[in-house]
Amino acid sequence: EEGLQPPDIARKTNHSQQAVDRYIKDYERVKFLVRRGIEPAQIQHMTGRGKSVIEQYIEIIEHYHPDNGND
């Protein structure tokens, strides 16, 4: 959301490039589902990610897209 490239994110966070790519992919999936009004519990089930991860992604979405993820 801040325009950083994945290799820069990996370096800053001490995560592998593969992990960062997975996080970004999961985040984009969650954002897509939030935009469609899917409830967090259902997003958790659909993505296979834990409750706390989904909650963190939703917090990021709400921060950067206060209109509930709609651009």
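How many salt bridges does the count come to in this structure? The count comes to five salt bridges, in a model that is predicted.

**View 1. Lys-31 reaches Glu-1 in a salt bridge.** In this pair, the closest N and O atoms are 3.1 Å apart. Buried or exposed, how does Lys-31 count? Lys-31 counts as buried, because its relative accessibility of 7% falls under the 20% limit. Glu-1, for its part, is partly exposed, with a relative accessible area of 45%. Please look for Glu-28 here too: Glu-1, Glu-28 and Lys-31 are linked in a network of salt bridges.

**View 2. Arg-11 and Asp-8 pair within helix α1.** Side chains of opposite charge can pair when their charged atoms come close. Here the side chains of Arg-11 and Asp-8 meet in a salt bridge, at 2.3 Å from N to O. The two residues are three apart along α1, which is about one turn of the helix. Arg-11 is exposed, at 57% relative accessible area, whereas Asp-8 is partly exposed, at 29%.

**View 3. Asp-26 holds a salt bridge with Arg-49.** The closest N and O atoms of this pair are 2.6 Å apart. Asp-26 is a residue of helix α2 and Arg-49 is found in the loop between α3 (40-47) and α4 (51-64), so the pair ties together parts that are 23 residues apart in sequence. Asp-26 counts as buried, with a relative accessibility of 7%. Arg-49 counts as partly exposed, at 29%.

**View 4. Helix α1 crosses helix α2.** Two packed helices are described by the angle between their axes and the distance between the axes. For α1 and α2, the axes come within 9 Å and cross at roughly 115 degrees, and the two helices are therefore roughly perpendicular to each other. The crossing of α1 past α2 is right-handed. Which residues of α1 meet α2? They are Pro-6, Pro-7, Ile-9, Ala-10 and Thr-13, and they meet Gln-17, Val-20, Asp-21 and Ile-24 in α2. By class, the residues of this contact of α1 with α2 divide into six nonpolar, two polar and one charged.

**View 5. Helix α2 packs against helix α4.** The angle between these helices is about 70 degrees, and their axes are 10 Å apart. α2 and α4 are therefore roughly perpendicular to each other. From α2, the contact takes in Tyr-23, Asp-26, Tyr-27, Val-30, Lys-31 and Val-34; from α4, Ile-54, Tyr-57, Ile-58, Ile-60 and Ile-61. The contact of α2 with α4 has nine nonpolar, no polar and two charged residues.

**View 6. Phe-32 has its place in helix α2.** Phe-32 counts as partly exposed, at 45% relative accessibility. How far apart in space are Phe-32 and Thr-13, C-alpha to C-alpha? They are 24 Å apart in space and 19 residues apart in sequence. Thr-13 is one of the α1 residues in the contact with α2.

Methods. Residues numbered from 1 in each chain as written. Predicted model: local features only at pLDDT ≥ 70, side-chain atom pairs only at ≥ 80, totals over all residues. Heavy atoms only, no water. Salt bridge = Lys/Arg side-chain N within 4 Å of Asp/Glu carboxyl O. Buried < 20%, exposed > 50% of the residue type's maximum accessible area, 1.4 Å probe, protein only. Helix = DSSP H or I, 4+ residues; strand = E, 2+ residues; numbered from the N terminus. Axes fitted to C-alpha atoms, helices over the stretch in contact; angles between N-to-C directions. Parallel < 35°, antiparallel > 145°, perpendicular 65-115°, else oblique. Left-handed = near helix turned anticlockwise from the far one by under 90°. Contact = heavy atoms within 4.5 Å. Nonpolar A, V, L, I, M, F, W, Y, C, P; charged D, E, K, R; others polar.
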